[in-house]
Amino acid sequence: MHHEQPIEEAPRPLNPDELLARCMGNIEFAERVLTKFQQCFGEDLAQLEQELFSENVEEIARVAHRLKGASANAAAPALREQAADIEDLARARKITEIPPHLEQLQGAWSQFVEEAASIEWLEGADS
Amino acid sequence: MHVLVVEDDEVTADILENALHEFGYDVTKANDGREAIEAIRTGKYRLVVSDWEMPEISGIELCRQIRQRCSSGYIYVILVTSYSGTQNVVEALSAGADDFIAKPFHPEELRVRLRAGERILSLESRDLMIFSLARLAESRDPDTGAHLERMQEYCRLLADQLSGHERFRDTIDGEYVQLLHLTSPLHDIGKVGIPDSVLLKPGRLNQEEFEIMKRHTVIGGETLDAAVRAHPEARFLQMARDVAWTHHERFDGSGYPLGLCGREIPVCGRIVALADAYDALTTQRVYKPAFSHEKAKKIILEGTGTQFDPDVVEAFLQREHDFVTVSRRFAEQDAYALEPDDSKAGIRERDLVQGPLATAGVTLCENTTPLATAAVTLCENTTPLTPASSTPCP
């Protein structure tokens, strides 16, 4: 019999349950977090593009690291994964390999925004 | 309790603040390491939760700067970061962080790690309280200067030396050494129950006064006994009790209050006995000048096997250079610090050797009749102890 490797699921754009747990079950607060996250992430993404244009690898790594941490705490695993890849490349000074990953990050960001707009919180959570 | 959150990412900072508020903490946020240092200077924060990667001053550098400061109290630092791996953990802890949490953080994990930090901080309060109580007990006697500090160091040296001795290896470990350092200042806490007329008498005590003075061991021991009964799991209380009870026992069984003999005396009592004697000999008291180290050493050697445990004397000899260093280091703090003058002994050497050496402010009497009546269970013995029987000391 041919045993196939289990296919790893692609990380989700957003895990609302995880975010709500990190926000101590407070839906109103979780929604404020999402709003702020989208604002900050948008600004950082623009800065990342600028730093890539300037070929400033240290700044690329720093911004990518911040995006990685923020995405992790905002329960956005797909964004976290893409940001982590960019950070690793920047620290390895492989700047020419970054642009396709930036495109993937931008794609993941679009999916996140879409997901965040249609989120349904768990019933029974604090509001 | 106030927590300082140091995080340049606003989203993470908000999430941390919300979780900490839910846990009952008061939270202040700092956007970077520089703001954090300014906040820490206020002295308000004992708990810090910090990101690692931040502009200008990283979380690692913040840890280093916190540890370099002479703060009024310990500051417990938890780093929250998406850096992972053993190397990063080692780097963080080496820089002075106390704990390390990976992003994304789990609120419950943060809560329990903060609780661990609060337990650490509460120990500092315990240590300060113990020393303050000991200092209070000594405060009526102006003669003692930095006696408590020296005692702590002498006891630590002796215990540390004995920890390598085959006979004590099972009893004395690193924790034991630390506990003895902590509790040795409480040896004379029973003096609070001794009237001024006896405690502060400059001259020789008569028999009745000496009997009163000897009771400080019973007063201190019984007080700490009560504390042990209330908190039987507290090892530091057990040791403090044993020290208070037995620091005037003599190895040959002729000490007080219980007339314990040889290894019936808990080793902490045997250690404090020598440390206390050495300090009494090498510092000026109202009844005597300070003796030199060499003279004090000679007197202690003469008490080997009678007053002092030979193993403890041996430990003293092996660390005597450190004893001299400690004595000199604290000499400036001592109000009566003088150059040692062996020629002006206020009392006969015979009195020092025969009688209990370490009772401050007392010119010794030759009577060392055991005092105690109550049975006492000491931490290094499993059966209740009673006053010395007629059986000679082995």
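Here are some questions and answers on the labels used for chain B of this predicted model.

Residues count from 1 along each chain as its sequence is written, and chains are lettered from A and ligands numbered from 1 in the order in which they are written. In this predicted model, local features need pLDDT of at least 70 and side-chain atom pairs count only at pLDDT 80 or more, while totals for chains, interfaces and linings use all residues.

Q: Why are α11(B) and α13(B) called oblique to each other?
A: Helix α11 (residues 267-282) and helix α13 (residues 310-318) of chain B pack at about 50 degrees, with axes 10 Å apart. Axes are lines fitted to C-alpha atoms, for helices over the stretch in contact, and angles run from 0 to 180 degrees between N-to-C directions. Under 35 degrees is roughly parallel, over 145 roughly antiparallel, 65 to 115 roughly perpendicular, and the rest oblique. The pair is therefore oblique.

Q: Which residues make the contact between α11(B) and α13(B)?
A: α11(B) brings B:Arg270, B:Ile271 and B:Leu274, and α13(B) brings B:Val312, B:Val313 and B:Phe316. Being in contact takes C-beta atoms, placed from the backbone, within 7 Å.

Q: What makes that contact five nonpolar, no polar and one charged?
A: Ala, Val, Leu, Ile, Met, Phe, Trp, Tyr, Cys and Pro count as nonpolar, Asp, Glu, Lys and Arg as charged, and the others, Gly among them, as polar. The residues of the contact of α11(B) with α13(B) split into five nonpolar, no polar and one charged on that basis.

Q: How do you know that β1(B) and β2(B) pair?
A: Pairing needs at least two DSSP bridges between two strands. Strand β1 (residues 2-6) of chain B and β2(B) have five, in the parallel sense. B:His2 stands opposite B:Asp26 in β2(B).

Q: Why do β2 and β5 of chain B count as edges?
A: The open sheet runs β2-β1-β3-β4-β5 (chain B), with parallel pairing. β2 (26-30) and β5 (99-102) each have a single partner strand, so one side of each is left without a neighbour in the sheet.

Q: What does chain B bring to its contact with chain A?
A: Chain B puts in 16 residues and chain A 19. Helix α1 (residues 10-22) of chain B gives the most to the chain B side, with eight residues.

How values were computed. Helices (H or I, at least four residues) and strands (E, at least two) are DSSP runs, numbered from the N terminus. Two residues are in contact if their C-beta atoms, placed from the backbone, lie within 7 Å.
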